[in-house]
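Dear colleague,

My notes on one of its interfaces follow.

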Amino acid sequence: MARGDLLAGRRRVSALGWRYPPLRVAGQLLPPVGWMTLIYVAALAALFVYAFWGVDAFTGKVVHTWGLGNFREIFESAAFRGVIWRTLWIAAAVTATCAVIAFPFAYFMARLASPRVRALLFVLVLLPLWSSYLVRVYAWKVILAQDGILNWSLGKIGLPGANLGYSNTAMWLVFTYIWLPFMILPVYAALERIPHSYIEASRDLGAGGFTTLRRVVLPLTLPGVVAGSIFTFSLTLGDYITPTLVGGAGSTFIGNIVYSTGLGVSGNLPFAAAFAAIPLAIMAVYLALAKRTGAFEAL
Amino acid sequence: MTKVRARHALVLAVAAALAVPAAGAGSSSHRSSAAKVGAGEGKLTMIAWEGYLDPKWVKPFEQQSKCKVEAKYAGSSDEMVTLMRSGGGGQYDMVSASGDASLRLIYGGDVAAVDVNRVPGWKQFFKGFQNPPNNTVKGKHYGISLQWGPNTLMYNAAKVKPAPTSWSALYDPKFKGKITVPNNPIQIADAALYLSKTRPSLGIKDPYELNKAQFAATIALLKKQRPLVKKYWGLSSDEISLFKNGDATIGASWPYTTGQLQAAKVPVKEIIPKEGVTGWLDTWMLSAKAKHPNCAYAWYSYISSPKVQALQAVTWGETPVNKQACGFMNKLVKGSCAQYHANEPESYYASIKFWKTPLADCGNGKKDCMDYSQWVKSWNEVIS
Amino acid sequence: METRATRIGLWIWTGLVVLFLHIPIVIIVLYAFNASNVQGWPITDWTTKWFGPAIHNGEMQDALILSLKAGALATAIAMVLGTLAAFALYRAAFFGRTVVSFLFVLPIALPGIITGMALNSYFTYWHQALGLWTIVVGHATFCIVIVFNNVVARLRRLPTSLTEASMDLGADGFQTFVHITLPSISTALVSGGLLAFALSFDEVIVTTFTAGVQNTLPIWIFGNIRLGQQLPEVNVVVFLILLATIVPVTIAQRLTRESGILRTE
């Protein structure tokens with residue numbers, strides 16, 4: 001085919017996309033949505049159907065009788081309700097802490113740092129992500145242990161040791177540490193895009209620094225914070241390795257329950273599927289709330 | 001402009017370059033090897049506990065048998081069962097299952113019966129390990145016993161005085177916040193074993209066969225213990241950290257852990273308390289859909305031989321099932337045979353309550369025992 | 001612009017955050033030189049004896065290569081799919097958008113084990129042997145959302161006047177995309193791609209279920225953590241990887257500086 005024909009064909013497609021936006025959107029959405037639906041959603045649906053089935057108490061095999069028995073079991077148990085609540089509120093605490101820590105840092109990176117310093121900070125933020133989640137969590141074990149680095153340092157300056165090892169506090173600290181880069185980057189991206197003229201205009205209109213921050217910068221940064229929060233919240237919600245490594249006796253997460261009931265020997269896949277449906281529902285609510293704050297709308 | 005195009009081209013080229021060998025690698029795994037009767041098939045895929053396929057004994061095997069070993073490590077019995085069933089079964093030839101998983105695999109039809117006459121080492125096993133209930137059902141052998149270990153009571157001798165003699169120490173508020181026990185539903189059996197001696201009125205005969213009342217009493221005990229526990233360890237390296245760094249001073253453990261801690265100069269000691277112990281017994285099981293059965297039998301013969309049994313025992317820190325291994329163990333590490341109880345009278349092994357999957361069928365005609373899924377659910381509720 | 005006090009405060013805050021992010025890294029490096037294979041504090045004996053065995057560990061080398069391959073492929077797929085979706089949805093205000101965002105977030109929102117279990121049974125159903133491509137499919141699935149979010153956040157701030165001007169000057173949709181839009185979102189693409197690769201490179205739970213007999217690097221690391229007998233080797237490997245990644249990460253940072261940043265100063 002001659003180059004002219006190729007160009008003409010391309011233009012025709014491009015014009016079509018311009019004139020009929022739904023067509024363009026559909027064409028763009030087909031590969032990713034197709035991928036997700038045919039591969040992921042199909043696999044998930046097959047798995048979640050199990051949530052409504054049960055197991056034969058005698059043979060341990062799955063029985064295809066529909067019912068809400070699994071969900072009733074979960075919500076009637078104080079222990080399991082506790083697990084859900086704990087997972088939820090630690091995920092929220094981690095998200096809030098990450099946002100608070102990330103914002104001033106990202107602000108500095110985006111607006112105050114010279115290009116060279118910014119480049120250095122960029123590298124410094126990304127570098128920990130390359131050093132293995134497992135090993136970083138393991139390093140925290142040594143830091144927070146009874147005879148670990150933290151207590152050793154506190155001892156050196158005369159303070160009593162903190163009994164942080166293997167506790168919910170330890171998990172909150174470690175999660176915040178691990179997911180911080182995932183919050184910093186989107187917040188930075190959002191801050192970087194704020195045109196300087198906006199700030200100047202705010203100043204011209206008589207707003208002080210803090211007011212500018214509160215009424216101009218923060219609202220404009222919100223999409224970035226929400227994007228980051230989706231990661232920190234959901235990654236914490238679904239994790240089971242950190243509770244295993246640095247959690248204590250009362251630190252079980254939803255993921256831990258799913259792990260111990262979903263795998264082979266216990267054979268109670270329906271129960272595990274029902275438990276796993278809970279983070280799914282929580283994320284649905286979370287995303288609905290995120291939309292309500294207007295973060296998804298064009299600003 | 002050109003920079004953008006060049007960058008795009010580079011990305012595409014890299015992706016294409018990686019895709020070609022990747023596609024090749026994918027298709028080769030579909031090539032099925034024709035099973036030859038007798039001769040080895042050249043490959044053996046195995047699911048094992050970490051450290052069970054150490055090059056020290058795998059390399060000589062590969063040279064001898066010309067069967068290349070491909071290992072997949074799993075961290076829990078549950079993972080092993082899932083892996084065995086993945087890909088519709090048949091992706092792995094063998095699995096080194098522990099007693100809490102083996103019965104499930106047998107009843108699930110995932111493993112095949114094994115002909116013990118093809119394994120010379122089997123005749124040298126202690127009687128108790130030739131037909132243990134966790135891998136022999138109705139006279140049929142579903143695997144060959146591998147190694148075992150007791151679940152001992154370990155304590156930091158410098159911080160725990162006087163030395164404990166009973167499992168009651170793990171339920172003693174004196175040690176609040178310093179106790180650690182394994183995070184495994186099968187631990188319920190340890191508590192049941194303790195109750196069988198301290199509250200005989202409950203009538204617990206077998207800690208894995210508990211009726212509703214016995215089970216409820218055991219769970220109540222575990223719930224009382226929960227505020228005293230610092231952490232329920234899932235990995236033995238967890239327990240090692242706990243003791244090394246002062247977070248725990250007493251707990252349930254394995255000889256492997258004690259050995260590692262002592263090598264790290266932590267003053268721990270382990271005892272077999274007066275109420276007795278539970279134990280774990282690992283079995284190499286053969287997949288019902290194994291693609292390389294001849295290599296599997298070659299492995300069986302190899303890993304059951306006294307010399308290799310001894311080597312694995314002292315390397316990993318467990319006890320061989322082959323009577324003849326004792327001498328070889330002492331040659332490798334002096335005193336190891338006695339340390340790991342590798343040459344005791346049969347009654348010693350009979351006294352250990354080895355893991356087995358709890359089933360509803362109590363074996364005494366009644367079918368009202370709690371099955372494993374109940375154990376898991378209750379255990380999760382205790383530790384949550 | 002900001003008061004001096006604020007500026008000093010921000011400098012200190014930034015310094016503290018950098019410290020927070022890197023003290024554990026320093027500790028990881030320190031323990032690569034620990035003579036004992038049990039991690040206790042303080043370190044009494046120092047040695048470099050772990051470096052040789054770690055570098056020559058065949059299992060580790062295979063795992064590393066597999067991780068790199070899978071990461072590159074998964075990131076490439078995620079970048080294409082994520083960008084396509086971002087372009088489709090950043091302006092459209094229809095109900096479908098929330099649904100699609102939710103769809104993309106699912107692989108990360110759910111416990112990795114559910115994603116892993118679901119994909120594993122799915123592959124089994126289609127008689128697909130587990131290997132590199134099943135790992136890639138698993139990773140790409142949860143990497144899409146990272147690229148998607150980053151690109152959407154950037155696209156929202158992009159003035160439409162540019163694309164319109166480009167079209168007025170005679171460029172068609174594709175040319176506009178390649179010459180105008182792509183350079184302006186390149187920062188988002190690079191940061192999204194880097195994050196996606198890092199996530200894939202480091203993922204362990206889903207990979208356990210989508211890998212066959214192969215081990216990726218995190219699975220190898222997790223195995224060693226479970227065993228606890230060669231922990232310092234793990235620290236050595238992580239240390240060396242860190243050194244090795246300083247270069248590509250710096251280069252990536254340089255690349256993003258050259259692209260047009262449309263700040264109206």
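How far apart do the C-alpha centres of domain 1 of chain B and domain 2 of chain B lie? The distance is 28 Å. This is a predicted model, in which local features need pLDDT of at least 70 and side-chain atom pairs count only at pLDDT 80 or more, while totals for chains, interfaces and linings use all residues. Residues are numbered from 1 along each chain as its sequence is written, chains are lettered from A and ligands numbered from 1 in the order in which they are written, and side-chain values use heavy atoms, with hydrogens and water left out.

Domain 1 of chain B comprises 12-148 + 280-344, and domain 2 comprises 152-276 + 356-383; these bounds come from an automatic or database domain assignment.

Twelve residues of domain 1 of chain B are in contact with nine of domain 2 of chain B (heavy atoms within 4.5 Å). The two domains bury about 1100 Å² between them, 61% of it from carbon and sulfur atoms (accessible area, 1.4 Å probe, lost on being put together and summed over both parts). On the domain 1 side, Asp100(B), Arg104(B) and Trp316(B) lose the most area to domain 2, together 42% of what that side buries.

Across this interface the rule finds zero salt bridges (a side-chain nitrogen of Lys or Arg within 4 Å of a carboxyl oxygen of Asp or Glu).

In the side of domain 1 of chain B that touches domain 2, α4 (99-107) and α11 (306-317) of chain B each supply at least two residues (helices are DSSP runs of H or I, at least four residues, numbered from the N terminus). The most comes from α4(B), with seven residues.

Yours sincerely
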